[in-house]
Amino acid sequence: QVQLVESGGGLVQPGGSLRLSCAASRSIFSYTMAWYRQAPGKQRELVASITSGSITNYADSVPGRFTISRDNAKNAVFLQMNSLKPEDTAVYYCRDATRGYWGKGTQVTVSS
């Protein structure tokens with residue numbers, strides 16, 4: 001079992017930035033990690049993923065604005081979000097994509 005704990009969400013104005021963190025209870029060294037989000041009334045969707053070799057993939061709506069990264073020594077994954085838009089409002093979830101574990105999510109609200 002792996003626990004994933006997200007942090008860093010909050011309320012931000014349009015155009016602002018947030019950095020989400022995901023702390024894993026065990027090593028993530030060999031595994032693909034990902035960030036998903038779910039807006040009210042919508043399905044959960046992939047935002048970005050990063051392989052064990054740090055190959056990244058992004059949803060069409062976020063490249064150039066969001067950056068996923070990882071620190072294997074700290075068992076952590078990050079999502080830097082810039083130029084935030086109201087449509088980025090959602091609960092953001094960390095996922096160990098290889099083993100199928102989910103965090104409980106952190107709320108991101110983009111509003112003036």
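Which residue does a disulfide join to Cys 22? Cys 94 is the partner, with an S to S distance of 2.1 Å.

The views below show a predicted model, in which local features need pLDDT of at least 70, side-chain atom pairs count only at pLDDT 80 or more, and totals for chains, interfaces and linings use all residues. Residues are numbered from 1 along each chain as its sequence is written, and side-chain values use heavy atoms, with hydrogens and water left out.

**View 1. The disulfide of Cys 22 and Cys 94.** The structure holds one disulfide (a pair of cysteine sulfur atoms within 2.5 Å). The torsion about its S-S bond is about -80 degrees, so the disulfide is left-handed. The pair links distant parts of the chain, 72 residues apart. Cys 22 lies in strand S3 (residues 18–24) and Cys 94 in strand S9 (residues 90–96). Strands are DSSP runs (E, at least two residues), numbered from the N terminus.

View 2

**View 3. An open sheet of four strands.** The order is S1-S3-S8-S7, with antiparallel pairing. Strands pair if DSSP finds at least two bridges between them. S1 (4–7) and S7 (66–71) stand at the edges with a single partner strand each, so one side of each lacks a neighbour in the sheet. Neighbouring strands are turned by 15 degrees against each other on average, direction ignored; axes are lines fitted to C-alpha atoms, and angles run from 0 to 180 degrees between N-to-C directions.

**View 4. Strands S7 and S8.** Six bridges join S7 to S8 (residues 76–81), and the two run antiparallel. Phe 66 stands opposite Met 81 in S8.
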